Amino acid sequence: MKKHNFSAGPCILPQEVFQKASQAVLNLDDSGLSILEISHRSKAFVEIMEKAQDLALEHLKLPKEEYQILFLQGGASMQFIMSAFNLMQTKAAYLDTGSWSAKAIKEAKLLGEVNVLASSKDKNYNYIPKNFQVPTDVDYFHCTSNNTIFGTQIKDFPKANVPVVCDMSSDIFSREIDFSYFDVIYAGAQKNMGPAGATLVAVKKSCLGKVDRKIPSMLDYQVHCGKDSMFNTPPVFPVYVSMLTLEWLKEQGGVKAIEAKNKMKADAMYLEIDRNPLFTGFAEKEDRSDMNATFNLKDEALKSKFESLLVEAGVNGLNGHRSVGGYRASMYNALPFESVQVVIEAMQELEKNA
Ligand code: PMP
């Protein structure tokens with residue numbers, strides 16, 4: 001039986017994508033070759049890369065003349081240092097909204113002065129700080145749009161007159177925002193885009209080339225842009241599966257349509273968390289993420305009973321991150337509404353029998 005998969009990442013992808021990807025492992029588009037054995041310089045793969053790049057730009061509504069899409073390796077974690085390498089001259093401003101932001105800050109400090117504008121660490125990152133201003137004397141402002149571990153999401157991005165860098169790993173392609181506000185967007189593929197192994201970077205070309213330091217080739221956005229994301233062997237299979245997922249997203253009606261579905265899932269989930277007297281939400285209501293809903297049992301004695309109900313219902317990956325505990329329902333684009341209903345039913349069953 002197919003499980004209801006609430007994993008935080010790697011996570012659920014569309015079933016159709018799994019089918020097409022497995023077919024391509026055996027025989028890519030009737031070529032007599034597997035996607036795993038073709039050259040990254042072959043016509044077939046160059047077309048796949050171009051299509052993935054075009055679809056990413058289309059979904060983000062970013063103009064091709066200004067932005068370049070890269071599929072790199074090293075995960076979002078590599079982007080913590082790579083973005084700083086390319087944009088930090090002397091000083092940058094960071095918003096600290098969770099463990100991933102903190103890791104980005106740690107890396108940036110290797111290259112310059114970091115001004116942490118605000119932090120929600122005082123409350124174990126259960127909210128998004130709001131009363132701060134982005135200074136004008138910094139090289140860039142960095143934020144994390146969705147905090148996967150804590151279940152918070154930035155709804156309104158602050159005014160910024162400097163380049164903005166955003167770690168969008170866990171909510172890219174899930175909601176419509178003005179993506180042109182950002183100069184560098186990066187995201188590990190393994191949530192809304194594809195399997196682990198590729199990292200999407202959307203970079204505004206005009207913000208590059210402004211730092212004095214020498215940048216190692218593999219960390220230099222300009223080098224990767226100059227080779228259209230083919231400076232070295234790209235992660236061929238993850239790029240292919242990302243292309244399939246971006247195609248699937250288009251068939252679903254694009255980001256706008258998926259956002260409406262994501263809202264329905266999140267609303268239903270939070271409604272039950274707030275209604276059910278046995279549970280309590282972790283994140284502040286106004287900052288709740290539509291991607292990752294974090295919640296706890298009020299009485300830990302019910303833990304094994306609840307978890308048995310989840311197992312019986314075929315639910316996978318609902319356990320919270322160790323730094324928050326409790327539960328985390330990751331409701332990425334490919335998760336069907338029915339899976340959310342299954343968890344809600346388990347919560348209601350627990351209430352009935354508690
Ligand atoms: N940023 C965020 C918001 C994440 O959720 C994650 C991983 N879950 C990362 C960064 C790190 O990504 P990676 O493992 O691809 O380096």
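Okay, so let's start with the open sheet: three strands, in the order β11-β12-β14, with antiparallel pairing. Two strands count as paired here if DSSP finds at least two bridges between them. At the edges sit β11 (279-281) and β14 (327-330), each pairing on one side only. On average, neighbouring strands of this sheet are turned by 35 degrees against each other, direction ignored. For angles like that, axes are lines fitted to C-alpha atoms, for helices over the stretch in contact, and the angles run from 0 to 180 degrees between N-to-C directions.

Before I go on, this is a predicted model: local features need pLDDT of at least 70, side-chain atom pairs count only at pLDDT 80 or more, and totals for chains, interfaces and linings use all residues. Residue numbers start from 1 along each chain as its sequence is written.

Back to the sheet. β12 (residues 292-297) and β14 share four bridges in the antiparallel sense, and A293 has A329 in β14 as its bridge partner. Helix α7 (residues 254-275) packs on this sheet and touches β11, β12 and β14. The direction of α7 makes about 15 degrees with that of β12.

Next, some parallel strands. Strand β5 (residues 141-144) pairs with β3 (residues 91-96) in the parallel sense over two bridges, and Y94 has H142 in β5 as its bridge partner. β5 also runs parallel to β8 (residues 164-167), joined to β8 by four bridges.

Now the ligand. Which residues are around the ligand? They are G9, G75, A76, S77, W100, T144, T148, D167, S169, S170 and G188. To be on that list, a residue needs its C-beta atom, placed from the backbone, within 6 Å of the molecule. Helix α3 (residues 75-87) gives the most to this shell, three residues. By type, the shell has two nonpolar residues, eight polar and one charged. The classes go like this: Ala, Val, Leu, Ile, Met, Phe, Trp, Tyr, Cys and Pro are nonpolar, Asp, Glu, Lys and Arg are charged, and the others, Gly among them, are polar.

D167 from that shell is found in strand β8. D167 counts as buried because 30 C-beta neighbours lie inside 10 Å. Leaving aside neighbours within four places in sequence, D167 is in contact with A76, W100, A104, T144, S145 and Y186; contact means C-beta atoms, placed from the backbone, within 7 Å.

What does UniProt list for K191? An unreviewed entry gives "modified residue: N6-(pyridoxal phosphate)lysine". UniProt positions are in the numbering used here, feature names are shortened, and annotations may be inferred rather than shown by experiment. K191 sits in the loop between β9 (184-188) and β10 (199-204). With 31 C-beta neighbours inside 10 Å, K191 is also buried. Not counting residues up to four places away in sequence, K191 touches G9, C11, S169, S170 and Y332.

The unreviewed UniProt entry also has a "binding site" annotation, covering A76, S77, W100, T148, D167, Q190, N232 and T233. These span 158 residues in sequence and the farthest two C-alpha atoms are 30.2 Å apart, so they do not all gather at one spot. T233, for instance, is in the loop between α5 (221-226) and α6 (236-251).

G9 and P10 are joined by a cis peptide bond, with omega about -5 degrees, and P10 is in the loop between β1 (4-5) and α1 (15-26). K61 has a positive phi of about 55 degrees although it is not a glycine. K61 lies in the loop between α2 (43-60) and β2 (67-72), and is partly exposed, with 13 other C-beta atoms within 10 Å. D228, in the loop between α5 and α6, also has a positive phi, near 50 degrees.

Notes
Two residues are in contact if their C-beta atoms, placed from the backbone, lie within 7 Å. A residue is buried if 20 or more other C-beta atoms lie within 10 Å of its own, exposed if 12 or fewer, and partly exposed in between; C-beta atoms are placed from the backbone.
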